[in-house]
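Hi everyone, thanks for coming. Have a look at the sequence and the structure on the screen, and I'll talk you through a few parts of the inside.

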Amino acid sequence: MTHTLKFLITILLISQFSLAQKTVKQIDSIVKTHSKNNPEIGISLGFIKNNQEYYTAYGTLNKNSKILINKNSVFEIASITKIITSNLIAQSVLENKLKLTDFIDEYLPKTYILRKNLKGKIKISDLASHQSGLPDVDFRQLIATNPQQPISNVNIDTLSSIINNCSELIDYGQYRYSTIGYILLGQILEGLYNKTYDEIVREKIITPLQITNTLTKDFDVQHKTTGYNPNGGIQEFFEWNIAASAGLLKSNASDMVTYLKSILNTNNPIGKAALLTEKIVYKVDNRIMGLGLGIIQDDKNTLYLKSGDSMGQSSIICYNRVENWGIIILLNHRNHKLRQTMLNDVYETVLKK
(Lines give C-alpha, C1' and ligand atoms only; values in the text may rest on other atoms or scores of the structure.)
Protein backbone atom coordinates (compact mmCIF):
# COMPACT_ATOMS: atom_id res chain seq x y z
CA MET A 1 0.00 0.00 0.00
CA THR A 2 1.45 3.36 -1.03
CA HIS A 3 1.88 6.26 1.38
CA THR A 4 -0.61 8.28 -0.69
CA LEU A 5 -3.30 5.57 -0.40
CA LYS A 6 -2.67 5.21 3.33
CA PHE A 7 -3.05 8.96 3.73
CA LEU A 8 -6.34 9.01 1.80
CA ILE A 9 -7.74 6.13 3.86
CA THR A 10 -6.74 7.91 7.08
CA ILE A 11 -8.43 11.12 5.94
CA LEU A 12 -11.58 9.17 5.01
CA LEU A 13 -11.72 7.44 8.40
CA ILE A 14 -11.24 10.74 10.24
CA SER A 15 -14.00 12.33 8.12
CA GLN A 16 -16.40 9.45 8.83
CA PHE A 17 -15.61 9.59 12.56
CA SER A 18 -16.21 13.35 12.67
CA LEU A 19 -19.52 12.94 10.84
CA ALA A 20 -20.60 10.19 13.26
CA GLN A 21 -19.67 12.33 16.26
CA LYS A 22 -21.68 15.23 14.88
CA THR A 23 -24.69 12.95 14.30
CA VAL A 24 -24.72 11.50 17.81
CA LYS A 25 -24.29 14.94 19.38
CA GLN A 26 -27.28 16.21 17.42
CA ILE A 27 -29.39 13.22 18.46
CA ASP A 28 -28.41 13.63 22.10
CA SER A 29 -29.27 17.32 21.97
CA ILE A 30 -32.77 16.53 20.67
CA VAL A 31 -33.38 13.87 23.33
CA LYS A 32 -32.04 16.17 26.06
CA THR A 33 -34.42 18.94 24.99
CA HIS A 34 -37.41 16.60 25.10
CA SER A 35 -36.30 15.33 28.50
CA LYS A 36 -36.13 18.88 29.87
CA ASN A 37 -39.64 19.54 28.55
CA ASN A 38 -40.91 16.26 30.03
CA PRO A 39 -38.86 15.75 33.21
CA GLU A 40 -41.25 13.14 34.60
CA ILE A 41 -40.63 10.79 31.65
CA GLY A 42 -37.70 8.39 31.47
CA ILE A 43 -36.17 8.03 28.00
CA SER A 44 -33.79 5.46 26.52
CA LEU A 45 -32.59 5.75 22.92
CA GLY A 46 -30.37 3.45 20.90
CA PHE A 47 -28.99 4.26 17.47
CA ILE A 48 -26.96 2.27 14.96
CA LYS A 49 -25.26 3.55 11.84
CA ASN A 50 -22.94 1.42 9.70
CA ASN A 51 -22.71 -1.11 12.54
CA GLN A 52 -21.61 1.51 15.08
CA GLU A 53 -23.79 1.74 18.20
CA TYR A 54 -24.73 4.83 20.18
CA TYR A 55 -26.93 5.23 23.26
CA THR A 56 -28.34 8.06 25.32
CA ALA A 57 -30.79 8.08 28.22
CA TYR A 58 -32.42 10.51 30.63
CA GLY A 59 -34.44 10.01 33.79
CA THR A 60 -34.60 7.34 36.47
CA LEU A 61 -36.13 3.87 36.66
CA ASN A 62 -39.11 5.33 38.49
CA LYS A 63 -40.19 8.54 40.21
CA ASN A 64 -38.82 7.42 43.57
CA SER A 65 -35.57 5.95 42.31
CA LYS A 66 -32.14 7.53 42.06
CA ILE A 67 -30.96 4.87 39.60
CA LEU A 68 -30.48 6.41 36.18
CA ILE A 69 -31.94 4.82 33.08
CA ASN A 70 -29.34 3.43 30.68
CA LYS A 71 -29.14 1.18 27.63
CA ASN A 72 -29.77 -1.91 29.79
CA SER A 73 -32.95 -0.63 31.47
CA VAL A 74 -35.93 -2.84 30.64
CA PHE A 75 -39.13 -1.47 29.13
CA GLU A 76 -42.27 -2.92 27.62
CA ILE A 77 -41.80 -2.84 23.86
CA ALA A 78 -45.50 -3.68 23.48
CA SER A 79 -46.54 -3.97 19.83
CA ILE A 80 -42.97 -3.85 18.59
CA THR A 81 -43.34 -7.53 19.50
CA LYS A 82 -45.38 -7.80 16.30
CA ILE A 83 -42.33 -7.29 14.09
CA ILE A 84 -40.61 -10.08 16.00
CA THR A 85 -43.62 -12.28 15.27
CA SER A 86 -43.67 -11.27 11.60
CA ASN A 87 -39.94 -12.02 11.35
CA LEU A 88 -40.62 -15.49 12.75
CA ILE A 89 -43.38 -15.96 10.17
CA ALA A 90 -40.94 -14.88 7.45
CA GLN A 91 -38.35 -17.33 8.77
CA SER A 92 -40.91 -20.11 8.53
CA VAL A 93 -41.60 -19.11 4.91
CA LEU A 94 -37.88 -19.31 4.11
CA GLU A 95 -37.87 -22.75 5.77
CA ASN A 96 -40.72 -23.79 3.43
CA LYS A 97 -43.14 -24.40 6.28
CA LEU A 98 -45.78 -22.13 4.75
CA LYS A 99 -46.34 -19.44 2.11
CA LEU A 100 -47.54 -15.90 2.69
CA THR A 101 -50.33 -16.56 0.17
CA ASP A 102 -51.56 -19.66 2.03
CA PHE A 103 -55.00 -19.39 3.55
CA ILE A 104 -55.06 -19.56 7.31
CA ASP A 105 -57.67 -22.33 7.42
CA GLU A 106 -55.24 -25.26 7.45
CA TYR A 107 -52.94 -23.69 10.03
CA LEU A 108 -55.40 -22.59 12.71
CA PRO A 109 -55.77 -24.57 15.95
CA LYS A 110 -58.70 -26.97 15.79
CA THR A 111 -60.49 -24.90 18.42
CA TYR A 112 -61.31 -22.40 15.70
CA ILE A 113 -63.96 -23.25 13.15
CA LEU A 114 -64.28 -20.77 10.31
CA ARG A 115 -67.71 -20.52 8.79
CA LYS A 116 -68.05 -21.88 5.27
CA ASN A 117 -68.25 -18.48 3.59
CA LEU A 118 -64.98 -17.41 5.26
CA LYS A 119 -62.90 -20.40 4.24
CA GLY A 120 -60.30 -19.85 1.54
CA LYS A 121 -60.49 -16.12 2.12
CA ILE A 122 -57.92 -14.93 4.69
CA LYS A 123 -54.23 -15.29 3.81
CA ILE A 124 -51.25 -15.36 6.16
CA SER A 125 -50.18 -12.00 4.72
CA ASP A 126 -53.62 -10.58 5.52
CA LEU A 127 -53.16 -11.31 9.21
CA ALA A 128 -49.66 -9.82 9.20
CA SER A 129 -50.73 -6.60 7.44
CA HIS A 130 -53.92 -5.95 9.43
CA GLN A 131 -56.39 -6.50 6.59
CA SER A 132 -58.03 -9.81 7.55
CA GLY A 133 -61.41 -8.28 8.34
CA LEU A 134 -61.73 -10.39 11.50
CA PRO A 135 -63.32 -8.72 14.54
CA ASP A 136 -60.87 -7.85 17.30
CA VAL A 137 -60.79 -8.15 21.06
CA ASP A 138 -62.69 -5.37 22.82
CA PHE A 139 -59.97 -3.43 24.63
CA ARG A 140 -62.33 -0.88 26.12
CA GLN A 141 -64.26 -3.62 27.86
CA LEU A 142 -61.08 -5.39 28.94
CA ILE A 143 -59.65 -2.18 30.41
CA ALA A 144 -62.88 -1.45 32.22
CA THR A 145 -62.83 -4.95 33.73
CA ASN A 146 -59.16 -4.96 34.75
CA PRO A 147 -57.27 -1.69 34.09
CA GLN A 148 -53.94 -3.05 35.37
CA GLN A 149 -53.98 -6.38 33.51
CA PRO A 150 -56.63 -6.12 30.76
CA ILE A 151 -54.98 -8.79 28.62
CA SER A 152 -55.36 -11.32 31.45
CA ASN A 153 -58.98 -11.84 30.42
CA VAL A 154 -58.02 -12.90 26.89
CA ASN A 155 -57.95 -16.68 26.65
CA ILE A 156 -58.70 -19.47 24.20
CA ASP A 157 -62.43 -19.25 24.95
CA THR A 158 -62.43 -15.51 24.24
CA LEU A 159 -60.69 -16.02 20.93
CA SER A 160 -62.80 -19.02 19.91
CA SER A 161 -65.96 -17.05 20.52
CA ILE A 162 -64.72 -14.21 18.31
CA ILE A 163 -63.52 -16.45 15.45
CA ASN A 164 -66.29 -19.04 15.51
CA ASN A 165 -69.08 -16.46 15.69
CA CYS A 166 -67.71 -14.33 12.87
CA SER A 167 -70.11 -14.56 9.93
CA GLU A 168 -68.73 -11.83 7.68
CA LEU A 169 -65.43 -10.05 7.05
CA ILE A 170 -66.94 -6.60 6.81
CA ASP A 171 -63.76 -4.72 5.91
CA TYR A 172 -61.61 -7.48 4.43
CA GLY A 173 -58.75 -6.01 2.38
CA GLN A 174 -58.86 -2.70 4.26
CA TYR A 175 -56.36 -1.72 6.92
CA ARG A 176 -57.66 -2.00 10.48
CA TYR A 177 -55.17 -2.55 13.28
CA SER A 178 -55.66 -6.05 14.65
CA THR A 179 -54.42 -7.62 17.85
CA ILE A 180 -56.22 -10.88 17.20
CA GLY A 181 -54.43 -11.26 13.88
CA TYR A 182 -51.07 -11.39 15.62
CA ILE A 183 -52.33 -13.68 18.35
CA LEU A 184 -53.38 -16.08 15.58
CA LEU A 185 -49.97 -15.76 13.91
CA GLY A 186 -48.36 -16.75 17.21
CA GLN A 187 -50.59 -19.79 17.43
CA ILE A 188 -49.85 -20.68 13.81
CA LEU A 189 -46.12 -20.57 14.62
CA GLU A 190 -46.70 -22.86 17.59
CA GLY A 191 -48.40 -25.37 15.30
CA LEU A 192 -45.65 -25.18 12.69
CA TYR A 193 -42.84 -25.80 15.16
CA ASN A 194 -44.74 -27.81 17.79
CA LYS A 195 -43.30 -25.45 20.41
CA THR A 196 -44.61 -22.59 22.52
CA TYR A 197 -44.22 -19.04 21.25
CA ASP A 198 -41.82 -18.45 24.13
CA GLU A 199 -39.62 -21.36 22.99
CA ILE A 200 -39.70 -20.20 19.37
CA VAL A 201 -38.68 -16.63 20.24
CA ARG A 202 -35.81 -17.94 22.33
CA GLU A 203 -34.63 -20.40 19.71
CA LYS A 204 -34.80 -18.09 16.68
CA ILE A 205 -34.26 -14.59 18.09
CA ILE A 206 -32.94 -14.41 21.65
CA THR A 207 -30.35 -17.22 21.55
CA PRO A 208 -28.87 -16.50 18.08
CA LEU A 209 -28.48 -12.81 18.94
CA GLN A 210 -27.22 -13.58 22.47
CA ILE A 211 -29.49 -10.90 23.90
CA THR A 212 -30.05 -11.31 27.63
CA ASN A 213 -32.57 -8.60 28.44
CA THR A 214 -35.33 -9.44 25.98
CA LEU A 215 -37.73 -11.08 28.38
CA THR A 216 -40.87 -13.16 28.20
CA LYS A 217 -42.41 -14.74 31.28
CA ASP A 218 -39.77 -13.75 33.82
CA PHE A 219 -39.21 -9.99 33.81
CA ASP A 220 -38.79 -9.32 37.52
CA VAL A 221 -35.33 -7.84 37.11
CA GLN A 222 -33.56 -5.09 39.05
CA HIS A 223 -33.07 -2.78 36.08
CA LYS A 224 -36.76 -2.77 35.11
CA THR A 225 -38.40 0.62 34.65
CA THR A 226 -41.78 1.47 36.14
CA GLY A 227 -44.61 2.24 33.75
CA TYR A 228 -46.93 5.22 34.14
CA ASN A 229 -50.28 5.84 32.49
CA PRO A 230 -51.15 9.20 30.87
CA ASN A 231 -52.43 10.47 34.23
CA GLY A 232 -49.14 9.65 35.94
CA GLY A 233 -50.41 6.60 37.84
CA ILE A 234 -48.28 3.48 38.14
CA GLN A 235 -49.12 0.87 35.53
CA GLU A 236 -48.09 -2.78 35.83
CA PHE A 237 -46.18 -4.54 33.05
CA PHE A 238 -48.50 -6.89 31.17
CA GLU A 239 -48.07 -10.50 32.20
CA TRP A 240 -47.38 -13.24 29.65
CA ASN A 241 -50.34 -15.16 28.23
CA ILE A 242 -52.00 -16.26 24.99
CA ALA A 243 -51.67 -12.73 23.56
CA ALA A 244 -47.86 -12.79 23.86
CA SER A 245 -47.16 -12.73 20.12
CA ALA A 246 -49.14 -9.51 19.75
CA GLY A 247 -47.27 -7.40 22.27
CA LEU A 248 -45.92 -8.87 25.49
CA LEU A 249 -42.13 -8.89 25.03
CA LYS A 250 -39.95 -6.75 27.31
CA SER A 251 -36.56 -5.48 26.19
CA ASN A 252 -34.07 -2.62 26.30
CA ALA A 253 -32.22 -0.29 23.95
CA SER A 254 -29.11 -2.48 23.84
CA ASP A 255 -30.96 -5.62 22.79
CA MET A 256 -33.10 -3.74 20.27
CA VAL A 257 -30.01 -2.25 18.66
CA THR A 258 -28.59 -5.78 18.41
CA TYR A 259 -31.83 -6.79 16.70
CA LEU A 260 -31.57 -3.81 14.32
CA LYS A 261 -27.98 -4.76 13.56
CA SER A 262 -29.15 -8.26 12.70
CA ILE A 263 -31.96 -7.23 10.36
CA LEU A 264 -29.71 -4.75 8.56
CA ASN A 265 -27.28 -7.61 7.87
CA THR A 266 -28.83 -10.05 5.41
CA ASN A 267 -26.20 -12.75 5.96
CA ASN A 268 -28.17 -14.38 8.77
CA PRO A 269 -31.67 -15.95 9.04
CA ILE A 270 -33.13 -12.95 10.89
CA GLY A 271 -31.80 -10.49 8.32
CA LYS A 272 -32.98 -12.61 5.39
CA ALA A 273 -36.42 -12.87 6.96
CA ALA A 274 -36.48 -9.10 7.52
CA LEU A 275 -36.18 -8.56 3.77
CA LEU A 276 -39.35 -10.60 3.32
CA THR A 277 -41.20 -8.60 5.99
CA GLU A 278 -40.40 -5.45 3.98
CA LYS A 279 -42.37 -6.75 0.99
CA ILE A 280 -45.33 -4.44 0.36
CA VAL A 281 -48.56 -6.39 0.89
CA TYR A 282 -50.91 -3.45 1.40
CA LYS A 283 -50.95 -0.03 -0.26
CA VAL A 284 -53.94 2.28 -0.19
CA ASP A 285 -53.45 6.04 -0.41
CA ASN A 286 -50.61 6.91 1.98
CA ARG A 287 -50.87 3.69 3.97
CA ILE A 288 -48.18 1.17 3.00
CA MET A 289 -47.66 -2.04 4.97
CA GLY A 290 -45.20 -4.87 4.93
CA LEU A 291 -45.49 -7.77 7.37
CA GLY A 292 -46.04 -5.94 10.63
CA LEU A 293 -44.07 -2.96 9.37
CA GLY A 294 -45.31 0.46 8.38
CA ILE A 295 -43.47 1.74 5.31
CA ILE A 296 -42.86 5.41 4.56
CA GLN A 297 -41.40 6.40 1.21
CA ASP A 298 -40.29 9.62 -0.45
CA ASP A 299 -38.03 10.38 -3.41
CA LYS A 300 -34.85 9.54 -1.49
CA ASN A 301 -35.79 7.43 1.52
CA THR A 302 -37.68 4.32 2.51
CA LEU A 303 -38.29 3.93 6.22
CA TYR A 304 -39.57 0.82 7.99
CA LEU A 305 -41.08 1.37 11.41
CA LYS A 306 -43.30 0.03 14.17
CA SER A 307 -44.60 1.71 17.29
CA GLY A 308 -45.71 0.15 20.55
CA ASP A 309 -47.91 1.38 23.38
CA SER A 310 -48.81 -0.56 26.49
CA MET A 311 -51.00 0.92 29.19
CA GLY A 312 -47.92 2.47 30.81
CA GLN A 313 -45.10 2.75 28.27
CA SER A 314 -44.47 3.84 24.67
CA SER A 315 -41.85 2.89 22.12
CA ILE A 316 -40.95 3.13 18.46
CA ILE A 317 -38.42 1.43 16.20
CA CYS A 318 -37.37 2.64 12.75
CA TYR A 319 -34.69 1.84 10.20
CA ASN A 320 -33.44 2.80 6.75
CA ARG A 321 -31.84 -0.16 4.99
CA VAL A 322 -30.20 1.84 2.19
CA GLU A 323 -28.59 4.34 4.56
CA ASN A 324 -27.84 1.52 7.01
CA TRP A 325 -29.17 3.09 10.20
CA GLY A 326 -31.74 2.16 12.82
CA ILE A 327 -33.16 3.72 15.95
CA ILE A 328 -35.15 2.60 19.01
CA ILE A 329 -36.88 4.98 21.42
CA LEU A 330 -38.30 3.73 24.74
CA LEU A 331 -40.38 5.76 27.22
CA ASN A 332 -41.53 4.71 30.70
CA HIS A 333 -44.81 6.64 30.26
CA ARG A 334 -47.62 5.98 27.81
CA ASN A 335 -47.12 8.95 25.51
CA HIS A 336 -47.45 8.17 21.82
CA LYS A 337 -47.18 11.82 20.82
CA LEU A 338 -43.79 12.24 22.48
CA ARG A 339 -42.19 9.11 21.02
CA GLN A 340 -43.47 10.06 17.54
CA THR A 341 -42.37 13.69 17.87
CA MET A 342 -38.94 12.62 19.08
CA LEU A 343 -38.49 10.29 16.11
CA ASN A 344 -39.70 12.97 13.69
CA ASP A 345 -37.28 15.51 15.14
CA VAL A 346 -34.31 13.15 14.93
CA TYR A 347 -35.20 12.13 11.39
CA GLU A 348 -35.95 15.58 10.00
CA THR A 349 -33.03 17.27 11.73
CA VAL A 350 -30.31 14.63 11.53
CA LEU A 351 -31.07 11.58 9.40
CA LYS A 352 -33.11 12.70 6.42
CA LYS A 353 -31.28 12.71 3.10
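I'll go through a strand and its partners, then the nonpolar cores, then a cavity.

First, some ground rules. This is a predicted model, where local features need pLDDT of at least 70 and side-chain atom pairs count only at pLDDT 80 or more, while totals for chains, interfaces and linings use all residues. Residues are numbered from 1 along each chain as its sequence is written, and side-chain values use heavy atoms, with hydrogens and water left out.

Let's start with strand β1, residues 43-49. Strands here are DSSP E runs of at least two residues, and helices are H or I runs of at least four, both numbered from the N terminus. Six of the seven residues in β1 are buried, meaning under 20% relative accessible area with a 1.4 Å probe, protein chains only.

Who pairs with β1? Strand β2, residues 52-58, runs antiparallel to β1 and is joined to it by seven bridges; DSSP has to find at least two bridges for two strands to pair. Gly46 sits opposite Tyr55 in β2. The two strands make a hairpin with two residues between them, and Asn50 in the turn has a positive phi of about 50°. β1 also pairs with β12, residues 325-331, again antiparallel and over seven bridges. There, Ser44 has Leu330 as its bridge partner.

Now the cores. A nonpolar core is a set of buried Ala, Val, Leu, Ile, Met, Phe, Trp, Tyr and Cys residues joined through side-chain atoms within 4.5 Å. The largest has 79 residues, and Ile124, Leu134, Ile188, Ile205 and Tyr259 have the most contacts inside it. Helix α6, residues 179-193, gives the most to this core, with nine residues. Take Ile188: leaving out residues up to four places away in sequence, Ile188 touches Leu98, Tyr107, Leu108, Ile124 and Leu127, with contact meaning heavy atoms within 4.5 Å. A second, separate core has 25 residues, including Val31 and Met342.

On a 1 Å grid over the protein atoms alone, a cavity is a set of points where a 1.4 Å probe fits but cannot get out, and lining residues have an atom within 4 Å of a point. One cavity of 30 Å³ or more turns up, and the largest cavity holds about 60 Å³, a volume being the space filled by probe spheres set on the points, which are joined across faces, edges and corners. Among the lining residues are Ser86, Asn87, Tyr259 and Tyr319. Which element gives the most to that lining? Helix α2 does, with three residues.

Terms used:
1 Å grid on protein atoms, 1.4 Å probe; cavity = no way out; pocket = protein on both sides within 12 Å on 5 of 7 lines; lining within 4 Å. Buried < 20%, exposed > 50% of the residue type's maximum accessible area, 1.4 Å probe, protein only.
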